[in-house]
Amino acid sequence: LVRLRHLADLADFALALKEALMNINYQSFNNFLLRIGIHQGSVVAGVIGARKPHYDIWGNTVNVASRMESTGQPGQIQVVEETSHLLKEFGFKLDQRGVVKVKGKGELMTYFLKGREKP
């Protein structure tokens, strides 16, 4: 579980982003909403481009996280079932959203990250 601590840190960061945006909305009388997708796994990363180099990451993990964002709902943090199980081990609360059709992946059971379990 220690080797996946970064996943819990990312989930905490996503929750903090939602809270920060809520405060911005309150102070500016706006109603901006985030849609966030999280997935875990291996990626390939590197710098590409000779004239204008930039850092990028690729792989199935990136694609699934992107699909979690694009098929998500405004104001929600969406993850797949495997990620939900891992986050629960770190004390996060998740609500089952249900099966979502995901391009290139078929139908995936998804969950919304709601916060930390109360001790």
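## Questions about a predicted fold

The protein chain has an accessible surface of about 8000 Å², with 56% of it belonging to carbon and sulfur atoms (Shrake-Rupley method, 1.4 Å probe; for residues, only the protein chains shown count as cover). This is a predicted model, in which local features need pLDDT of at least 70 and side-chain atom pairs count only at pLDDT 80 or more, while totals for chains, interfaces and linings use all residues. Residues are numbered from 1 along each chain as its sequence is written, and side-chain values use heavy atoms, with hydrogens and water left out.

User: In what order do the elements of the protein chain run from the N terminus on?

Analyst: Happy to start there. The chain has 3 helices and 6 strands (DSSP runs numbered from the N terminus: helices are H or I with at least four residues, strands E with at least two). From the N terminus on, the order is α-β-β-β-α-β-α-β-β.

User: What is the strand order of the open sheet of 4 strands?

Analyst: Two strands pair if DSSP finds at least two bridges between them. Strand 4 and strand 6 run antiparallel and are joined by 3 bridges, with Gln-78 opposite Phe-112 in strand 6. The edge strands, each pairing on one side only, are strand 1 (36-37) and strand 5. The pairing is mixed, and the order is 1-4-6-5.

User: At about what angle does helix 1 run to strand 6?

Analyst: Axes here are lines fitted to C-alpha atoms, for helices over the stretch in contact, and angles run from 0 to 180 degrees between N-to-C directions. Helix 1 lies across strand 1, strand 4, strand 5 and strand 6, and its angle to strand 6 is about 70°.

User: Why are the buried residues of helix 3 on the same side?

Analyst: Good one to check in the viewer! In helix 3 (residues 81-89), the buried residues are Thr-83, Ser-84, Leu-86 and Leu-87 (buried is under 20% relative accessible area, exposed over 50%, partly exposed in between; 1.4 Å probe, protein chains only). Glu-82 and Glu-89 are exposed on the other side of helix 3.

User: Is Gln-76 buried or exposed?

Analyst: Gln-76 sits in the loop between helix 2 (60-70) and strand 4. Leaving aside neighbours within four places in sequence, Gln-76 is in contact (heavy atoms within 4.5 Å) with Leu-34, Arg-35, Ile-36, Phe-112 and Lys-114. Because its relative accessibility is 16%, Gln-76 counts as buried.

User: Which residue takes a positive phi in the hairpin of strand 2 and strand 3?

Analyst: Strand 2 (residues 44-48) and strand 3 (residues 54-58) run antiparallel, joined by 5 bridges. Val-47 stands opposite Tyr-55 in strand 3. There are 5 residues between the strands, and the one with a positive phi, near 100°, is Gly-49.
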